[in-house]
Amino acid sequence: MQRESRKVSRRRFLKEATGAVGAASALTILKPRWVRGAEKEFGVVVLLGPPGAGKSEQSRRLTARHSIPIISTGDLLRDQVRRGTQLGLQADTYMKAGQLVPDSLMNPILEDRLSQPDCARGFILDGYPRTLAQAESLDALLKRKGLPPHIILLEVPTERLFKLLTGRRICPRCNRSYNIYFQPPQKENLCDADGTTLVQRPDDKEEVIRRRLDTYQKETQPAIEYYARQGRLVRVNGDQPPEKVAGEIESKLASQ
Ligand code: AMP
């Protein structure tokens, strides 16, 4: 029943995007040849979930399997900060405080990135949308592009998130993520892939984490409810080993 309503709303999305009369014909028109081949491709995948739920880890697995780029709005912003751009300087204040960067700064960066040629076949969105307004503007953008999204929500109990976030360590060179409690590197504090010393993100400090989780409840929950109301939300249990989470995502995507 739930699956049926998801299919109907994806078809409606396609129909509105193309103006096609029959939902089935819209699906066929929009699927380029590579989609109709033996391996199913997924176009746009939107990964939702609280901070620390494992969105980056799952993005990496999806990109390896389906060869579509990861667009992480957190990474896009951190890149602006690192390069010391005007935008980065403004965004940094909000990020350090664990607050959302205003749409007037966020949306142009995202739209610019999504207009690059590597995003034409689809992409994995990590960290966007984070508000109801962003969800609505993403829908409008993807309709213009004719790319209907799959909306995946990684669900993790709040009490576990805290340890996931305080224990998180990142490789500053390859961006691989570890956790000192649940997924430690083989050698203490060194990246398994390239041996670089791991770092803690400045916004993974305890008081900032509380604020980020709070912001998620207040700002992002309405976006999740927006998708749920339309029967477009696919819920995945994020509180299991990463390979199991990945398996659940793949099987749910395949059945859409
Ligand atoms: P993340 O790496 O996704 O946890 O994002 C780190 C920080 O970047 C967040 O705490 C926000 O300050 C900012 N940020 C990332 N994505 C967004 C977004 N979609 N809207 C506003 N701010 C964002």
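**Notebook: loops, sheet, helices and ligand shell**

I began with Pro 129, which I found in the loop between S3 and H8. Helices (H or I, at least four residues) and strands (E, at least two) are DSSP runs, numbered from the N terminus. The peptide bond joining Tyr 128 and Pro 129 is cis, with omega about 5°.

I noted what I was working with. This is a predicted model, in which local features need pLDDT of at least 70 and side-chain atom pairs count only at pLDDT 80 or more, while totals for chains, interfaces and linings use all residues. Residues are numbered from 1 along each chain as its sequence is written.

**Overall count**

I counted eleven helices and seven strands in the protein chain. I then looked up burial: a residue is buried if 20 or more other C-beta atoms lie within 10 Å of its own, exposed if 12 or fewer, and partly exposed in between, with C-beta atoms placed from the backbone. Of the 256 residues in the protein chain, 32% are buried. For contacts I used C-beta atoms, placed from the backbone, that lie within 7 Å. Among contacts between residues at least 6 apart in sequence, 68% join residues at least 24 apart.

**Sheet**

In what order do the strands of the open sheet stand? I read S2-S3-S1-S4-S7, five strands with parallel pairing. Two strands pair if DSSP finds at least two bridges between them. Strand S2 (70–72) and strand S7 (233–237) are at the edges with a single partner strand each, so one side of each has no neighbour in the sheet. On average, neighbouring strands of this sheet are turned by 25° against each other, direction ignored. Axes here are lines fitted to C-alpha atoms, for helices over the stretch in contact, and angles run from 0 to 180 degrees between N-to-C directions.

Strand S1 (residues 44–48) and strand S3 (residues 123–126) pair in the parallel sense over four bridges. Val 46 stands opposite Leu 125 in S3.

**Helix packing**

I looked at what lies across the sheet strands. Helix H11 (residues 242–254) lies across strand S4 (149–155) and S7, and runs at about 155° to S7.

Next I took a helix pair. The axes of helix H8 (residues 132–145) and helix H10 (residues 206–229) come within 7 Å and cross at roughly 45°. H8 and H10 are therefore oblique to each other. Angles under 35 degrees count as roughly parallel, over 145 as roughly antiparallel, 65 to 115 as roughly perpendicular and the rest as oblique. Which residues meet there? From H8 I listed Leu 132, Gln 134 and Ala 135, and from H10 Pro 222, Ala 223, Tyr 226 and Tyr 227. The residues of this contact divide into six nonpolar, one polar and no charged. Ala, Val, Leu, Ile, Met, Phe, Trp, Tyr, Cys and Pro count as nonpolar, Asp, Glu, Lys and Arg as charged, and the others, Gly among them, as polar.

**Ligand shell**

I found 17 residues around the ligand, of which Thr 73, Gly 74, Leu 100, Val 101 and Gly 127 come nearest. A residue is near a molecule or strand if its C-beta atom, placed from the backbone, lies within 6 Å of it. Helix H5 (73–83) and helix H6 (86–96) each supply at least two residues of the shell. H5 gives the most, with three residues. By class, I have eight nonpolar, six polar and three charged residues in the shell.

**Single residues**

Ser 67 has phi near 55° and sits in the loop between helix H4 (55–66) and S2. Ser 67 counts as partly exposed because it has 13 C-beta neighbours inside 10 Å. Asn 189 has phi near 65° and sits in the loop between strand S6 (177–179) and H10. Asn 189 is also partly exposed, with 13 C-beta neighbours inside 10 Å.

Is Gln 58 buried or exposed? Gln 58, in helix H4, is buried, with 25 other C-beta atoms within 10 Å. Not counting residues up to four places away in sequence, Gln 58 touches Leu 47, Leu 154, Val 245, Ala 246 and Ile 249. Gln 58 and Ile 124 are 66 residues apart in sequence and 9.8 Å apart in space, C-alpha to C-alpha.

Last, I looked up Thr 196, in the loop between S6 and H10. Thr 196 is partly exposed, with 15 other C-beta atoms within 10 Å. Thr 196 touches Cys 171, Pro 172, Arg 173 and Cys 191, not counting residues up to four places away in sequence.

Technical notes. Two residues are in contact if their C-beta atoms, placed from the backbone, lie within 7 Å.
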